[in-house]
Amino acid sequence: MDVIRLLGIRDTSLSVPEVLAAVGDHAAGGTTLFVGTVREQDHGKPVTRLSYSAHPSAGDELRRVAEKVAADFPVTALAAVHRVGDLELGDIAVIVAVAAPHRQEAFAASRRLIDDLKAEVPIWKHQAFADGSAEWVGACE
């Protein structure tokens with residue numbers, strides 16, 4: 001069975017139980033879960049609105065990143081989902097999970113998965129601040 005159990009770019013709410021269930025594996029001694037949420041401030045300024053946009057190739061790039069992590073680490077399962085569209089404070093923007101035989105491998109693979117997703121998958125964040133300013137933040141940084 002493919003170790004890549006769940007990948008997606010979604011315009012609907014993300015589910016921690018869904019992602020955790022996707023990586024459930026009796027061969028794993030360690031499972032890591034990272035949940036990224038919309039915070040109330042960035043750069044010391046209050047955030048009032050946030051929206052994510054994705055390039056049409058984002059799903060393919062997410063698969064490429066996941067395949068590389070699966071090839072580089074002895075994982076038994078992995079999953080990654082990212083939200084697009086308008087989000088509110090506290091909403092879940094991204095979830096990654098990795099199961100591996102040992103905790104060290106799970107932590108390392110999970111860290112690589114979220115870092116590479118943020119650096120290489122073409123998803124952009126537009127955030128507006130209470131002072132009226134706004135900024136675009138690109139994945140692929």
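Colleague: What should I know before I start looking?
Modeller: This is a predicted model, where local features need pLDDT of at least 70 and side-chain atom pairs count only at pLDDT 80 or more, while totals for chains, interfaces and linings use all residues. Residues are numbered from 1 along each chain as its sequence is written, and side-chain values use heavy atoms, with hydrogens and water left out.

Colleague: How much space lies in the largest pocket?
Modeller: About 400 Å³, where a pocket is an open set of points, on a 1 Å grid over the protein atoms alone, where a 1.4 Å probe fits, with protein on both sides within 12 Å along at least five of seven lines. The volume is the space filled by probe spheres set on the points, which are joined across faces, edges and corners.

Colleague: What is lysine 125 paired with?
Modeller: Its bridge partner is valine 137 in β9. Strands are DSSP runs of E with at least two residues, helices are runs of H or I with at least four, and both are numbered from the N terminus. β8 and β9 run antiparallel and are joined by 5 bridges, where two strands pair if DSSP finds at least two bridges between them.

Colleague: Changing topic, which residues touch the most other members of the largest nonpolar core?
Modeller: Tyr52, Leu78, Val96, Leu113, Leu117 and Val121 do, in a core of 25 residues. A nonpolar core is a set of buried Ala, Val, Leu, Ile, Met, Phe, Trp, Tyr and Cys residues joined through side-chain atoms within 4.5 Å, and buried means under 20% relative accessible area, exposed over 50% and partly exposed in between, with a 1.4 Å probe and protein chains only. The largest share of this core, 5 residues, comes from α2.

Colleague: Is glycine 59 in a helix or a loop?
Modeller: Glycine 59 lies in helix α2, and it counts as partly exposed because its relative accessibility is 37%.

Colleague: What about histidine 43, where is it?
Modeller: Histidine 43 sits in the loop between β3 and β4, and it has a positive phi of about 55° although it is not a glycine. Most residues other than glycine have a negative phi. Histidine 43 counts as exposed, because its relative accessibility is 56%.

Note on methods: 1 Å grid on protein atoms, 1.4 Å probe; cavity = no way out; pocket = protein on both sides within 12 Å on 5 of 7 lines; lining within 4 Å.
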